[in-house]
Amino acid sequence: MKILAIDDQQLVLLPLQKRLSDLGYTVRIETDANEGISTYNSFNPDLVIVDINMPGVSGLEIVKYIRNSKNADTAVMVLSGNTQDDVITEGFELGINDYMKKPLSLNEISARVKRLIGIPAGNNTVENTNVMIQERCVGVVIPCYNEEERLLSKEFIDYIDENSGYHLCFVNDGSKDKTLEVLNNLQKGREDFITVYDCEKNGGKAEAVRLGMLHMAQKEDLDYIGFLDADLSTDLADFDDLVKTIQTSDFKIVSGSRISRMGANITKESARKIISITINFIIRKILKMDFKDTQCGAKIFSKDVIKIAFGEKFVTQWIFDVEIFKRMSIHFGLKRAKELLCEQPLKRWIHADGSKLSMKDSIKIVMQLGQIAWVYRSKKSNKKSADQTKLKVA
């Protein structure tokens, strides 16, 4: 029994293909709608599973094509994040057999497929799974420098195995230990879900994150891209809460915040906490924004602001987060930038032993903040002059 699945996001299709293949179905997947139509004609599937929102040719157009083809009775299921009543109604009027709304578990999808086209001969018994097919695809950049002993490989693997729609990009920042070897072993067999970006020379966290973000921005099937510390001081479940916020809002950046609050597990060393308060006061003056915590290593970005935030090299190695927010305020204007940025308290943040930033390094940050204030004052003046020139020309 043959199934064709068409969706422009490969991260959605791969776990679906594996699950249905394990059940005994012959499964083909296509990320291009036109290729999907071509495969339909040659493959002659018993069932087509199709997404609605795809570039170029929509899922409903594919449904129309199937219903007007020589195999007009082919079963069609829609698997989509589109929940608009008029779209769903149009789908059924065109003759679809089922409409499944993302997010949805692979268990439910499997049950619906069996109900619709039956069970393959010699059906394989497959245990239920916790994997969910998500309605968005997310890239996560994880900068790594000498993480051979600290990298929590199992936690990363377990998460991507149970949560479809995530692609992890580990950036090796010129590590001197066996970090690159650890990352390559982590990637084996999971190349579709894990990327290893190797920087031969150590350029600092800022440059590692920047290069990783720009690399991931080239992947067309990702909706959002963020970064996270390798020590998982903010865990992946909490990071997913940031994703849910940006997905259901008009924010362009959602930044985690280590604000102590009731019900949250937030720990810091007392000395670091005092320094953080001092530094944060200076940052708020520079940004002219009431940020409680700019330096949390967990942030998620809408793809359309990646170039604005990461297109140019950062002035500093550690407090590049401040530069990101400064770039947003220069590009959009302070008032609009405030509307596009969200600071979201984390449920959990634990200071991890072995952090690379020492107390002595923290003192240097104050000088770097002065450097940021000076450099971006010039950038703002240059942009203002350029805008005035454009107005005169117009």
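**Entry 1: helix α4**

I began with helix α4, residues 85–94, where V87, I88 and G91 are buried. Seen down the axis of α4, these buried residues fall within an arc of 100°, so they line one face of the helix. I note that I am working from a predicted model.

Next I asked which residues of α4 are exposed on the other side. They are D85, D86 and E93.

What do the buried residues of α4 pack against? I found α3 (59–67) and β5 (98–101).

I then stepped just past the end of α4. G95 sits there, and its phi is positive, about 110°.

**Entry 2: backbone geometry**

I kept a general point in mind for this search: most residues other than glycine have a negative phi, and most peptide bonds are trans.

I looked up a cis peptide bond first. It joins K102 and P103, with omega about -5°. P103 belongs to the loop between β5 and β6, the latter being residues 104–105.

Then I turned to positive phi in residues other than glycine. N44 has such a value, near 50°. Where does N44 lie? I placed it in the loop between α2 (33–43) and β3 (47–50). Its relative accessibility is 34%, so N44 counts as partly exposed.

N146 is another residue other than glycine with a positive phi, and its value is also near 50°. I found N146 in the loop that runs between β8 (138–144) and α6 (153–162). I read a relative accessible area of 25% for N146, so this residue is partly exposed.

**Entry 3: aromatic pairs**

How many aromatic pairs does a search of the whole structure find? I noted nine. I took two pairs for a closer look.

For Y40 and Y65, the ring centres are 6.4 Å apart and the planes stand at 80°, so I logged the pair as edge-to-face. This pair links distant parts of the chain, with Y40 in helix α2 and Y65 in helix α3, 25 residues apart. Y40 has 3% relative accessibility and counts as buried. Y65, at 33%, counts as partly exposed.

F156 is buried, with a relative accessible area of 0%. F170 is buried as well, and its relative accessible area is also 0%.

I then looked for a cluster. Which residues form one aromatic cluster? I listed F227, F301, F310, F314 and F320.

**Entry 4: charges over F43**

I finished with the ring of F43. K2 lies over its face, 5.0 Å from the ring centre. The charged end of R28 also sits over the ring of F43, and I noted 5.3 Å from the centre. F43 falls within the range of α2, residues 33–43.

Notes:
Residues are numbered from 1 along each chain as its sequence is written. This is a predicted model: local features need pLDDT of at least 70, side-chain atom pairs count only at pLDDT 80 or more; totals for chains, interfaces and linings use all residues. Side-chain values use heavy atoms; hydrogens and water are left out. Buried means under 20% relative accessible area, exposed over 50%, partly exposed in between (1.4 Å probe, protein chains only). Helices (H or I, at least four residues) and strands (E, at least two) are DSSP runs, numbered from the N terminus. The arc is that of the directions from the helix axis to the C-beta atoms. Contact means heavy atoms within 4.5 Å. Rings of Phe, Tyr and Trp (its six-membered ring) pair if their centres lie within 6.5 Å; planes under 30 degrees apart count as stacked, over 60 as edge-to-face and the rest as tilted. A charge sits over a ring if NZ of Lys or CZ of Arg is within 6 Å of the ring centre and within 35 degrees of the ring normal.
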